[in-house]
Amino acid sequence: MTSTRLGLFGLFFLSVILFGFWLEEENPHKTEDGRIIIEYWDKWSGAEREAMQELVDEFNRSQDEIYVKFLSVSNITRKIMLATAGGMPPDLAGVWAADLPVFATQGALTPLDAYALEYGIAPSDYLPSIWRQLVVHDHLWGLPTTPATNALHWNKDLFRQAGLDPERPPHTIAELEAYNERITQFDDQGRILVLGHLPTEPGWWSANWSFWFGGDVWNGHDTLTADSEANRAAMNWIASYPERFGPKPLLGFRQLSGVFASPENPFFRGRVAMVLQGPWMYNFIQNFAPEDFNWGVAPFPALRLEDYGTSLVETDCIVIPRGAQHPELAMAFLDWLQQPEQLERLCLGQLKFSPLAEVSPDFYRKHPNPHIRIYRELAESPLARSRPQILTFNEFSSDMGSVIDNLVRGEQSPAEALQELQARQAALFDRKHTQWEKVSNARLKEWSSQ
Amino acid sequence: MTKYEKRRLRLGLLFISPWIAGFILLSLYPLLSSAYFSLTDYSVLSKPVFTGLDNYHMLMEDKLFWQSIWNTVFFAALSVPINLITAIFLAVLLNFNLPGKKVFRTLYFLPSLVPMVCLGVLWQWMLNGQIGLINQMLSPFCEAVNAVLGTAISPPNWLADPAYAKLGLVLASMWGVGNATVIFLAGLQDVPRSLYEAAELDGCNFWQKTRHVTLPIISPVIYFNGIMGLIGSFQVFAVPYVMTNGGEGPGRSLLFTATYIFNKGFQAWSMGYACAIALILFLIILTLTLLATYASERHVYYAGK
C-alpha cells in the first residue's frame with residue numbers, strides 16, 4: 001500500500017516537471033501568424049518608451065517575417081548581464097554607451113562589425129563624438145539611439161534680480177564664481193536662500209569635472225590619473241564652496257534639494273541659478289517649473305577660455321547580447337531604426353538631438369526645445385568629450401562622488417582625498433587591466449572571426 | 001533498526017524532502033558555491049579563475065570593507081538592544097487589561113507591515129534636517145534648552161551628517177518593532193498567573209515581579225528576538241539603500257556590509273570578491289549567534305527542560 005502511495009507521489013512530481021518542459025516547448029518564439037519574435041529590452045519608461053513603442057509598432061505592421069516585442073526594463077545593465085550569464089538574453093538591448101567597455105570585455109555582446117559592413121553602416125554616417133563611444137578595442141558594439149550633451153542651464157530672472165545681464169552666461173570658472181557671489185543670498189539666520197551654483201546640484205557627473213579644467217582622469221590607455229593637475233584643480237574649486245559659503249549652510253541647502261523630477265527641484269523653484277544639465281530639462285521644465293520660468297542654455301564655463309565649449313557627450317545605444325537567439329533578424333530591425341527618418345522621429349519623440357552626421361532641416365523646425373541646436377553644437381565641437389572607457393568606471397564614479405561629498409562638507413582636503421582615491425582606484429584599475437591583458441589576445445581573435 | 005523503523009524513517013524523509021530539497025538547492029549549494037567563488041576571480045560572465053586567498057588578502061587591506069564592518073557592528077550594537085527594550089516595554093504596556101487593548105495592539109503592529117522601500121522613502125523625509133517631522137518635534141525642545149542655558153544647539157542634519165546618519169537609521173529601524181512586540185506579548189500571556197499570585201503573597205512589587213517572574217519566563221522569547229534582531233541588523237540593506245538613493249551616505253557612514261557586497265557583486269561585477277565579503281559576514285553572524293547561545297544558556301529558562 002505504502003509503495004503504491006510512494007509511486008503515485010513520484011508520478012505526480014514527474015508530471016509537474018514534464019509539464020514545465022512542455023510549457024517551454026509551447027513557446028517557440030513565434031507569433032500566431034508565424035512571425036519570429038524578436039525580444040527587445042530598453043530602459044525607457046513614460047514618454048520616452050512611447051516614442052520607441054510607436055516606431056516598433058510601425059515596424060511590426062510593415063513585417064511578415066519579424067515581430068519585435070518591446071519591453072521596458074528597469075536596472076537594465078544588471079538584468080542584461082545576468083540574463084546573458086544565464087544564457088537567456090534578449091535579442092536586442094538598449095544600454096548606455098558608457099557601459100560598452102565592461103560589457104564588451106566581459107564577452108557579453110556580439111560585435112557588430114560584420115553586420116555594419118553588410119548593411120552599409122559607416123562611421124561617417126554619425127557624429128564622431130558619438131561613434132567613438134560605440135567602438136571598444138577597435139570593434140563596433142552598438143548603434144546609437146538618443147544622444148545628449150551637458151551644458152549650463154541658467155535662470156534668467158535670478159540673473160536679472162542680481163543685476164547681471166540675463167543674456168550673457170559666464171564663460172570661465174572665474175566668471176561663474178563672480179556671478180555666484182552676486183546671486184547667492186542668505187537669510188538673517190545664516191541659511192542659504194538662493195545659491196548661484198553648487199557642483200553637487202545635481203552632481204550627476206562627479207567623475208568628469210576635470211574636462212572643464214582641461215584634463216581627464218586616465219591616460220586613455222593603461223593608467224588612471226585621478227590626481228592629475230586638472231582633476232586637482234577641479235577638486236580645489238569644489239573644496240572652495242564650504243570655505244566661502246560655510247559647510248553648515250551648504251548642508252542645510254542640500255537637504256532641501258528635493259526630488260529632481262518634481263516641482264521641488266531647486267532649479268525650478270529658483271533656489272539655484274545655474275546647473276549643469278542636459279536636453280531632458282526641457283521636458284521637466286514643461287512639467288514641473290512655473291509657467292513663466294525664464295531659462296537659457298550655453299556651454300558650461302571652463303577654467304581657461306580656450307576650453308569654453310567643452311561638454312560630456314553621452315548616448316543611449318542598442319546592442320545584440322551574446323547568445324541572442326536571432327541576431328540576424330535583430331540586426332534587420334536595428335538597421336531599419338538607424339534610417340534617418342526613424343532615428344530623427346525617435347530623437348524628436350524623446351526631445352534629444354540626432355546622432356547622425358546629417359540632420360534634415362525639418363528636424364529643428366519640428367523640435368519643441370528652442371535650445372536643441374546648442375546641445376548638438378556641443379556634440380559637434382572638437383572639445384566634445386566622452387566618459388573614459390575604463391573597466392572600473394562605476395566604482396571610480398561612485399568613489400569620486402564620495403570624495404566630492406566629503407569636500408563639500410569640508411571634511412577632507414582635496415590633496416588628501418585625491419591621494420587616497422588614486423591609491424584605491426589605481427589598484428582596482430590595474431587589477432582589471434591585468435585580467436583583460438590575460439584574455440585580450442583570445443578575445444580579439446574571437447571578435448575578428450565573427 | 002527494524003523493518004518498521006526503516007519504513008518510518010523512509011516516510012519521514014519523504015515528508016521532509018521538500019524542505020531538504022529547498023535547503024540543499026537554496027541554502028547549502030549557494031553557501032558552498034560562494035565559498036568556492038570567493039577563492040576565484042569571477043565576474044559572472046567569464047569563467048571563474050582560481051586565485052587562492054587573493055580576495056581575502058585584498059579585503060584585509062580594503063579600507064572600505066573595514067568601514068562597512070564598523071558601520072554594521074555600530075548599527076547592530078545600537079539597534080538590537082534599543083529595539084528589544086522598546087519591544088518589551090510596549091508588550092508590557094499592551095498586556096495591561098485596558099479597554100480597547102485590541103485596538104492598541106493592532107495600532108502598534110501596523111507600522112511593521114509597511115514595505116521596506118516605503119519605509120526608506122518615509123524616513124528620508126521624516127529625518128530631513130530642515131523640514132523633517134523629527135526635527136520639527138526637536139526644535140521647541142532645543143529652543144527651550146537654548147533659552148535656559150544660553151546655548152546654541154539645533155536639531156541635527158540626520159542624513160547629511162556622518163555623526164548622526166546611523167542614529168537616524170536606528171530610529172527608523174524602531175518602526176518595525178511591532179513584530180517583536182507581538183512575539184513578546186504572546187510570551188507574556190504564557191506566564192502562569194499562579195507565579196504572580198505567589199510573588200504577590202511574598203510581597204513583591206511590580207518591578208520585582210517583572211524581574212523575578214516575567215523576565216525569566218519570557219527569556220526564550222527574548223533570546224529568540226535578540227538573535228533574529230542581530231541577524232537582521234547585520235543584513236541591513238534595503239532601508240539605507242533607499243534612504244541614500246543607492247548611495248553610501250555622508251562620509252560613507254551608511255555603507256553597510258550587505259551594501260558593499262551588492263556594490264561589488266552587481267555594480268563592479270567582482271563576484272568573487274563579493275562572495276568573500278559575504279562569507280566573512282556569514283562567519284561573523286555565525287560566531288555572534290553561537291556566542292549569544294553560549295552566553296545565554298544559563299539565563300534562558302525552558303519550562304519543558
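Reader: How are residues and chains labelled, and which pLDDT do local features need?
Author: Residues are numbered from 1 along each chain as its sequence is written, while chains are lettered from A and ligands numbered from 1 in the order in which they are written. In this predicted model, totals for chains, interfaces and linings use all residues, side-chain atom pairs count only at pLDDT 80 or more, and local features need pLDDT of at least 70.

Reader: Into which domains is chain A divided, and what distance separates their centres?
Author: The bounds come from an automatic or database domain assignment. Domain 1 of chain A covers 30-149 + 314-384, and domain 2 covers 161-312 + 389-434. Taken over C-alpha atoms, their centres are separated by 30 Å.

Reader: Which element gives the largest share of the side of domain 1 of chain A that touches domain 2 of chain A?
Author: Two residues are in contact if their C-beta atoms, placed from the backbone, lie within 7 Å; this contact takes 21 residues from domain 1 of chain A and 17 residues from domain 2 of chain A. Helices (H or I, at least four residues) and strands (E, at least two) are DSSP runs, numbered from the N terminus. On the domain 1 side, the elements that give two or more residues are α4 (100-105), β6 and α15 of chain A. The largest share, four residues, comes from α15(A).

Reader: Where do the buried residues of α15(A) lie around its axis?
Author: A residue is buried if 20 or more other C-beta atoms lie within 10 Å of its own, exposed if 12 or fewer, and partly exposed in between, with C-beta atoms placed from the backbone. In α15(A), residues 372-380, the buried residues are I372(A), Y375(A), R376(A), L378(A) and A379(A). Their arc, that of the directions from the helix axis to the C-beta atoms, is within 155°, so these residues line one face of the helix.

Reader: What covers the buried residues of α15(A)?
Author: The cover includes the helices α6 (128-134) and α14 (361-366) of chain A. Strands are also part of the cover, including β6 (143-149), β7 (151-155), β12 (311-319) and β13 (384-385) of chain A.

Reader: How many residues of β12(A) are buried?
Author: From this strand, S311(A), V313(A), T315(A), C317(A) and V319(A) point one way, and L312(A), E314(A), D316(A) and I318(A) the other way. In a regular strand the side chains alternate between the two faces of the sheet.

Reader: Which element gives the most to the largest nonpolar core?
Author: A nonpolar core is a set of buried Ala, Val, Leu, Ile, Met, Phe, Trp, Tyr and Cys residues joined through C-beta atoms within 7 Å. Of the 160 residues in the largest one, I38(A), L92(A), W141(A), V319(A), A330(A) and I277(B) touch the most other members. Domains 1 and 2 of chain A both give residues to this core, so it lies between them. The most, eight residues, comes from helix α14 (residues 271-296) of chain B.

Reader: How many residues of chain B are in contact with chain A?
Author: The secondary structure of chain B comes to 14 helices and two strands, and buried residues make up 30% of its 305 residues. On the chain A side of the contact there are 23 residues, and on the chain B side 21.
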